[in-house]
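This report describes selected helix contacts, ligand surroundings and chain features. The entry under discussion is shown below.

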Amino acid sequence: MNTALSPAASAQADAFTLTLDGAEVSAYPGETLWQVAKRAGETIPHLCFKDAPGYRPDGNCRACMVEVEGERTLAASCLREAKPGMVVKSATSERARISREGVMELLIADQPDRDDSPDRSSHFWAMADQLAIDATAVKERLPSREARSEPTVHHVVAREGSLTHDTTHSAMNVNLDACIECNLCVRACREVQVNDVIGLANRGAASKIVFDFDDPMGDSTCVACGECVQACPTGALMPATLIDEQGHGDSKVADKTVDSVCPYCGVGCQLTYHVKNDEILFVEGRDGPSNQNRLCVKGRFGFDYPRHPSRLTVPLIRREGVPKGIDPDFDPAKPLSHFREASWDEALDLAAKGLVDLKKAHGPDALAGFGSAKCSNEEAWLFQKLVRTGFGSNHVDHCTRLCHASSVAALMECIGSGAVTASFMQAQEADVVILTGCNPTVNHPVAATFFKQAAKRGTKLIIIDPRGQAMGAYAHKALRFTPGSDVSLFNAMLNVIVTEELYNQEYIDAHTEGFEALKAHVRDLTPEAMAESCGVSAEAIREVAREYAKADKAMIFWGMGISQHTHGTDNARCLISLALACGHTGRPGTGLHPLRGQNNVQGASDAGLIPMVMPDYQPVSDAQVRSAFEELWNTKLDDKPGLTVVEIMEAIHDGTIRGMYIQGENPAMSDPDLSHARAALAKLEHLVVQDLFVTETAQFADVILPASAWPEKDGTVTNTNRQVQMGRQAMPLPGDAKPDWWIIQEVAKRFGLPWNYQHPRDVFAEMTRGMPSLDHISWERLEREDSVTYPCPADDAPGADVVFSDAFPTASGRAKFSPTLPLPPDEPIDADYPTVLTTGRQLEHWHTGSMTRRARVLDDLEPEAVASLAPSELRRLGVQPGDPLTITTRRGEITLRTRADSLMPEGMVFVPFCYAEAAANILTNPALDPFGKIPEFKYAACRLSKAAAREAVSP
Amino acid sequence: MNENAHLLASDGDGFILDPEDLRAIEHERAHYEQPQAACIEALKIVQRRHGWVPDGAIVAIAETLGIGPAEVEGVATFYSLIFRQPVGRHVILICDSSSCFLVGYDTLREALSSHLGIGFGQTTADDRFTLLPVCCLGACDGGPALMIDDDTYGPVAAEDVAALLEDYP
Ligand code: SF4
Ligand code: SF4
Ligand code: FES
Ligand code: FES
């Protein structure tokens with residue numbers, strides 16, 4: 001694959017010269033003539049070549065021809081490698097000019113007129129302009145093909161429903177009249193995103209870009225990443241939002257573009273908002289360090305939620321006498337049935353007074369706050385500061401508790417740092433990559449594209465997960481073990497590494513402690529002893545352990561399949577032990593990487609939205625830490641660690657916590673055992689919710705404060721790779737909605753705090769004083785560079801992609817092995833509840849769906865709750881795919897439609913947790929991991945039964 | 001391969017690769033560094049058994065080779081001797097290239113067409129013959145030439161057509 005961005009330093013050393021249009025220019029080994037010309041300041045016309053990382057030149061359009069001295073024919077500059085001493089003529093070659101023009105003229109003859117074209121500002125027309133071609137004259141002179149040719153071949157079946165003008169997809173339009181068969185979309189889909197949907201079918205005059213078997217795009221297996229649309233040089237593939245009813249469009253109608261970051265997952269793709277009249281028209285990927293121009297369906301097409309009709313634009317106060325709770329008749333777009341509008345002053349006074357009064361009457365422990373991993377670093381900082389200095393306790397947490405708290409607990413314990421040791425881009429350097437408890441094509445789609453590319457280039461992917469997944473097609477091996485037996489499996493792998501002496505003694509001696517104890521500990525946990533409970537053969541366990549251990553460079557990635565268990569911390573400890581035993585950290589292509597779920601999980605945790613630690617994971621119980629922050633904030637701090645998410649819910653039931661401030665979180669959907677959690681919210685004497693919509697949680701609020709959506713604010717976020725990235729405001733706030741930092745500050749003032757921030761940059765400046773991790777990262781630098789990885793050694797140096805090469809940030813500088821014992825899930829299946837329920841996300845929806853279900857395209861693609869089961873499981877239940885099913889656990893039941901999914905194991909059902917009408921978390925088990933305090937979302941015992949059709953939940 | 005790919009596989013036409021064919025395809029794949037290179041052979045292997053290549057086989061071949069169905073489809077629809085629709089028990093390929101064209105291709109095609117009652121790309125009602133044009137068979141010295149299944153004939157006179165076809169029940 002070609003990732004030739006800027007030539008590597010070594011290549012630069014081998015620079016040579018050649019002659020271009022009479023001038024001597026420098027070139028680097030491996031560069032093409034096109035690239036050499038570009039650096040020399042000339043953009044040679046090009047159609048089938050895209051000057052972007054990941055795109056291989058194909059050399060099929062011949063628009064980029066140049067003359068090379070001594071050669072009879074012209075050469076395609078996009079493909080021809082530069083060689084020392086070459087004498088090349090481009091701008092000065094008459095032959096090249098005629099050839100380029102000829103190509104363009106022939107293509108123009110078959111193009112729709114520019115004014116009828118799906119993109120009048122396409123790259124194609126820009127090239128025609130560059131060559132100063134008069135399209136009208138060309139069309140008069142050259143005959144044009146009346147219609148697309150019928151297939152002249154007889155061996156291919158004519159496809160029913162085959163389209164050349166395809167509007168069947170809600171996000172993208174296809175108009176093959178403009179298609180020049182440059183093949184860029186095929187490379188985009190097949191080689192860049194590795195989705196394998198688009199092909200070039202048939203041959204000769206009938207050749208055609210097709211989706212799967214020439215299916216309508218909307219019916220194809222397309223996952224709507226939109227890479228093909230971004231790659232298409234003609235507008236044959238276009239974002240639907242840019243095409244009018246006549247099929248005409250213009251990609252340059254925006255009146256401004258704003259560079260920002262995707263608001264959804266932890267990959268942190270950089271993007272550009274194209275904005276017209278203060279509305280986002282469409283989104284394009286940018287060349288960020290974690291996405292190289294790529295986006296997934298959410299980032300590219302899920303941008304319109306801020307303007308959804310149910311968006312909050314005025315502060316709301318609960319009407320007198322209206323009970324708190326989820327009222328099935330409540331319509332979030334018409335909240336005035338339950339709430340009344342209020343001015344900011346009234347709403348803020350009331351919001352703060354309720355909390356202040358409770359504190360006065362019952363002490364600081366009566367209050368708690370949930371911040372949000374969806375908000376910026378600055379907002380997270382302010383929120384925890386408000387709780388710590390205003391509420392006066394450490395009862396501040398956020399939903400990281402529900403996703404990677406156990407991973408962080410294990411990482412902090414064993415290696416002294418909760419962040420990833422290497423970015424996911426390092427997978428491309430690795431020989432072996434273990435993916436366990438994660439499903440990146442769904443949850444980290446752009447990271448998945450890099451994994452798939454790595455696998456295609458020879459990296460061995462080993463997938464360890466009970467569920468099958470799309471990535472399985474690229475897997476070298478897959479271990480589909482019995483749900484809940486993870487610790488047994490990993491210990492068996494450690495046993496193999498110990499007994500077969502595959503460990504790296506040198507690394508262990510230099511960098512770790514406690515290996516002898518681990519050795520003794522795993523002695524009896526042989527693959528043979530563990531095989532039965534794991535449901536995989538001892539030999540398979542041995543092979544995987546050997547391949548990981550023997551690899552020169554290996555990485556482990558994990559997700560919530562590891563962390564969301566009552567043994568989540570133990571799971572992560574095992575993975576850390578595997579890496580330490582084999583010396584697979586601290587070098588390029590090695591490392592431990594818990595894939596972060598939300599756009600700012602990493603940043604919100606770093607900024608201190610955690611009850612037991614101050615910003616940068618500095619323990620609140622440490623007097624030195626406290627005194628540093630007491631000095632920074634000029635106030636006294638509580639020395640007691642606070643309560644975590646689920647514990648706070650318990651404390652409400654106990655009557656200790658009486659008032660809460662919840663910013664941008666939705667525990668009434670995201671907490672386990674929702675009935676219990678919702679009862680807690682209803683019991684609160686005072687609840688302030690700050691959000692974009694009347695979420696399920698806001699339906700329990702006394703006061704609702706209308707806040708800012710991501711594209712409406714400036715702020716930084718930190719992605720899974722430790723990259724701190726700049727988000728910029730692209731559109732104004734609607735109505736009376738306010739930036740979150742402003743709202744938090746107003747509440748703080750009413751707690752008597754002397755805050756006076758004018759802009760998030762002021763907050764960031766304060767953060768850099770309390771967070772050593774932000775050394776050498778300033779707001780100005782982020783404005784300039786968009787992204788800086790921490791830790792960063794100097795103001796002008798890039799941050800470290802791989803960390804802990806020399807020492808770990810622990811007291812001894814060594815990492816620690818932490819032995820674990822296999823534990824069963826908290827609620828094993830039994831005769832009454834014989835099926836395993838597991839929960840998670842879908843590609844199109846994110847977290848509790850409050851944003852994505854209000855994004856038109858995403859809602860259109862996945863509009864209703866579905867339970868996925870193995871086809872054989874459905875047959876056993878006598879349920880047809882699409883028919884409703886009732887799922888019952890000890891805590892409640894939901895009814896929803898079914899989907900046959902051949903990747904599901906038997907005996908298991910998967911339910912996404914984003915659908916309020918069939919909320920998966922009604923069912924889940926709130927039992928907690930003792931260290932990370934994370935609930936067991938990935939395993940609950942349930943019972944399935946066929947539901948009568950009328951019970952089916954309507955979309 | 002993407003998140004939805006399994007849907008394509010599961011709503012295919014229930015095609016299952018014959019175990020012998022599967023082995024043969026895997027054997028071919030082992031010859032090459034790039035799985036793509038085994039694509040044509042894989043298609044031929046399937047066509048040898050089934051006479052043509054149904055959608056389900058494309059998905060199955062893609063899975064076996066670890067590449068996308070769209071890529072296999074691109075290859076299958078490019079080569080005119082890979083049939084992506086059902087053909088008769090016997091396939092007649094008439095050469096329509098220049099040498100044969102000069103020495104009576106037209107008359108031969110007419111004779112075949114009217115004898116069988118079908119045109120190019122069609123199959124007789126009894127599923128016995130499919131008629132297709134083909135590029136030069138390398139039998140130019142004996143034009144007009146044609147092939148029936150694996151047998152090449154030429155020169156073939158219009159009046160010999162009926163007798164010739166007798167051999168292909
Ligand atoms: S949107 Fe993505 S998956 Fe769909 S056809 Fe285009 S490149 Fe392929
Ligand atoms: S949701 Fe994640 S993978 Fe998709 S565009 Fe956003 S950051 Fe990238
Ligand atoms: S751009 Fe070089 S051949 Fe198409
Ligand atoms: S032209 Fe017919 S066989 Fe060569």
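Which residues in α17(A) meet which residues in α18(A)?

## Basis of the description

This is a predicted model in which local features need pLDDT of at least 70 and side-chain atom pairs count only at pLDDT 80 or more, while totals for chains, interfaces and linings use all residues. Residues are numbered from 1 along each chain as its sequence is written, chains are lettered from A and ligands numbered from 1 in the order in which they are written, and side-chain values use heavy atoms, with hydrogens and water left out.

## Helices α17 and α18 of chain A

In α17(A), the residues P527(A), E528(A) and A531(A) meet A538(A), I541(A) and R542(A) of α18(A); contact here means heavy atoms within 4.5 Å. Helices (H or I, at least four residues) and strands (E, at least two) are DSSP runs, numbered from the N terminus. By class, this contact of α17(A) with α18(A) has four nonpolar, no polar and two charged residues. Ala, Val, Leu, Ile, Met, Phe, Trp, Tyr, Cys and Pro count as nonpolar, Asp, Glu, Lys and Arg as charged, and the others, Gly among them, as polar.

Two packed helices are described by the angle between their axes and the distance between the axes. Helix α17 (residues 527–534) of chain A packs against helix α18 (residues 538–550) of chain A at an angle of about 110°, with the axes 8 Å apart. This makes α17(A) roughly perpendicular to α18(A). Axes are lines fitted to C-alpha atoms, for helices over the stretch in contact, and angles run from 0 to 180 degrees between N-to-C directions. Angles under 35 degrees count as roughly parallel, over 145 as roughly antiparallel, 65 to 115 as roughly perpendicular and the rest as oblique. The crossing of α17(A) and α18(A) is right-handed. A crossing is left-handed if the near helix is turned anticlockwise from the far one by less than a right angle, and right-handed if clockwise.

## Helices α3 and α4 of chain A

Helix α3 (residues 94–109) of chain A and helix α4 (residues 123–130) of chain A pack at an angle of about 130°, and their axes are 11 Å apart. α3(A) is therefore oblique to α4(A), and their crossing is left-handed. On the α3(A) side the contact is made by M104(A), L107(A) and I108(A), and on the α4(A) side by F124(A), W125(A), M127(A) and A128(A). The contact divides into seven nonpolar, no polar and no charged residues.

## Surroundings of the ligands

The shell around ligand 1 consists of M172(A), C189(A), N195(A), I198(A), F211(A), C222(A), V223(A), A224(A), C225(A), G226(A) and C228(A). A residue is counted if one of its heavy atoms lies within 4 Å of the molecule. By class, the shell around ligand 1 has nine nonpolar, two polar and no charged residues.

Around ligand 2, the residues include C262(A), C265(A), C269(A), C296(A) and K298(A). Both α8 (297–301) and α13 (445–456) of chain A supply at least two residues each of this shell. The shell around ligand 2 has nine nonpolar, two polar and one charged residues.

## Chain B

Chain B has eight helices and four strands, running from the N terminus as α-α-α-α-α-β-α-α-β-β-β-α. Its C-alpha atoms fill a box of roughly 55 × 35 × 25 Å, taken along the principal axes.

The domain assignment of chain B gives domain 1 (5–78) and domain 2 (90–165); domain bounds come from an automatic or database domain assignment. The C-alpha centres of domain 1 and domain 2 of chain B lie 30 Å apart.
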